[in-house]
Amino acid sequence: MVNNPRLPTLDLDVQKDVRFIVRPFKLTQGDKGYVQPFRLTNAWSQYNISATNLAFHATKPDGTVIEIENEPTRFSQENGVWLFVLPEQVAQAIGNVTCYFSVIDGDNLVASTTKFGYEVSAKFGAEIPSNNYVSALEDMEKQFQDYLANANNQLNKQNQLTNESKQQLTQTLADMSKKTQDWLTAKTAEVDADIKTRQDNLNALNSQYQAKYNELVASWNSKITSIQSDWDARKAEILAQAKDQRDGISSDWDMLKAKFNVDRDTAIRTANDNFQNKLTEIQADWNAEKTKLEKDIADYKTALENKLKPVADKVTDLLENKLPDLNGKADAVQAKVDQLKADFNAIDFSSYAKVSDVYTKQEVDQKVASAGKVKTVDGQQPDASGNIYSTNLVSNGYDIVANRATNAGTMKSNSAWLTGTDALKPFADAINQLQGTGPNRVGTVDLNVLQGITNKVTTYICTSEDNKNTPPFFIDKRGILICFNYDGNAKTQVWIPVGGSGQQPLAYRYWEGNNYGTWKKIANSDELNSVRTLASNNKSAVDALQAKTNVAAPLFRRITTNNNWQDILGVPNSNQILVSIRDDTGGGNTLGGNSAGIAFGGGDTKGVLNVSYSNHTARIIGGNGNAPVWHEDIAWRSDIANVNNRLNELNAKIPDIHAVNSEAEGNAYLASHPNAIIMVKG
């Protein structure tokens, strides 16, 4: 192997104490492969840098220049001396070549050396025979052509392999495109069917809700009417039974009173002087009986009120309970009257005074009259017949909605049973609940607090505009609240707003314990119709979007084939288009391989900018008609640099052919140019 010849070593300092360090070295036109050794110093001390920081500059006699930067392979170092492989361009033009080295840092110049030069002389003298000159040139040309042919063969093999890979990739991407398109078609049909199923379910749910709502309202109205009618009928029955009981008690009392008067007259006729004592005893016995009777009456009244309270509770129960049977109460009253009769008849009058023992009738009447004047009941004195009736404030009406007694008046009880207003309030509350009026909430209320009655349906009329925790999507905070309290823990509220226009008809929420639920709107018919219209008019929505964006297809498209513009753009060529694409094809017109691109154009001319997924490859596609007409990959700066490097490598392989006058001269040349081919003249 012939080694590259070396020129004399240069001592170059970046302080440039002299303009030229030595006289120019002599070269012959066409010399190649020379190595220029040099020492690099700064103030004549070694300058330590790397090969990547070195550059070479030269100006040739014909005015052309040589600039070599970022080629660290041309520089090597031996024992502190740099070795630089001269470019063949140095020995191309005849004349003096001025050169220097520089130190660079990226794109910045740091320092430069003293200049040096080469004197390039003509390659052949005039005395060279033409044939030998021609032969030598033909050999050189043949050798150069062999190198070029070898390079072309290598390029052809690379192109053949690239074409085969492209064909395989194109077929693979075409298969993937078909599978993807089939999947998209099936998935689109599946999504359309799912949308239709959801719309049908929504329509059915809306119909079920409306039917259930109408059924519930009708049921409420029917139950309220039924309970009101039942109460009216029961009320009349209770009043009739009470009247019969009062009439029966009054009749029995009159009979007892008449018998007593007869017995009294008999006793008076047989009374003796101790009548006063006996009369006192009789009066005491009567007072005891009267007290006992009043107590029994009071106990019965209390018992009746206690029994009426569960009746009121049962009235509020819509489905499960009914008014109790009052026959047992009437029987109890009758039994008590019979007991009183039996107790009175059991009095033994034989021990009473006889006629001879009592005062005269005039005396008795006088004493009775005198005694009666001092006897009162609740501030009432006996009448002429000795009867005492209590006078009470009696309510002749009751305002159920306001839950208060009305039309109060003073009247005698006449032994009738009186009912207090407190006993009627539970009836009014129950009726209000059944009629749905509920408490009228005039002031500000918190809907979280209005939870209704356990196991009941409660209605509240909320009239304040400052109510709290109403549905936030309703402007007006007034409305009707219906509370379904299942068991005291699980509750559902339904809110019917008032005021405002275009509001939702209803809102509802459900919660358990104190975990207040979120209000939810119930769609009205207009909103449901809007959903139906949107679902059935997807094409209209797409057209509207296209009109706004000025495109004929979606702004993004995934492609799996690229045979024509329809494959790439999604629409025929005649449409105006601007779309971002993901290229999952197998290559061909486009790059494929998960690349990205932008397709654009109007009229009949379209274009695509396409960039690779994994390497620095870009492609421009364009043309008119139904499919792309041309496509070309972009050559980068690095691609051009690689081609230049390849050419330099090929040029470096061309041997140095040197003509000499004698074999001795040739051997001398080989000593410094071991790789040269020597041609001896003559």
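Two strands count as paired if DSSP finds at least two bridges between them. Strands here are DSSP runs of E with at least two residues, helices are runs of H or I with at least four, and both are numbered from the N terminus.

This is a predicted model, in which local features need pLDDT of at least 70, side-chain atom pairs count only at pLDDT 80 or more, and totals for chains, interfaces and linings use all residues. Residues are numbered from 1 along each chain as its sequence is written, and side-chain values use heavy atoms, with hydrogens and water left out.

First, the whole chain. The protein chain has 10 helices and 27 strands. Of its 682 residues, 28% are buried, meaning under 20% relative accessible area, where exposed is over 50% and partly exposed is in between (1.4 Å probe, protein chains only).

Next, strand β9, residues 95–105. Strand β5, residues 54–59, runs antiparallel to β9, and 6 bridges join them. In that pair, Phe56 stands opposite Phe101 of β9. β9 is also joined to β11 (residues 116–121) by 5 bridges, again antiparallel, with Val97 facing its bridge partner Tyr118 in β11. What do β9 and β10 form? They form a hairpin with 2 residues between them, and Gly106 in the turn has a positive phi of about 70°.

Now the open sheet. Its 6 strands come in the order β20-β21-β22-β23-β24-β25, with mixed pairing. β20 and β25 (630–633) are at the edges with a single partner strand each, so one side of each has no neighbour in the sheet. β24 and β25 pair in the antiparallel sense over 4 bridges, and Ile621 stands opposite His631 in β25.

Ile620 belongs to strand β24, residues 618–624. Is Ile620 buried or partly exposed? Ile620 is partly exposed, at 32% relative accessibility.

Last, Thr560. Thr560 sits in the loop between β20 (556–559) and α8 (565–569). Its relative accessible area is 6%, so Thr560 is buried. Contact means heavy atoms within 4.5 Å. Apart from neighbours within four places in sequence, Thr560 is in contact with residues including Leu173, Met176, Lys178 and Asp584.
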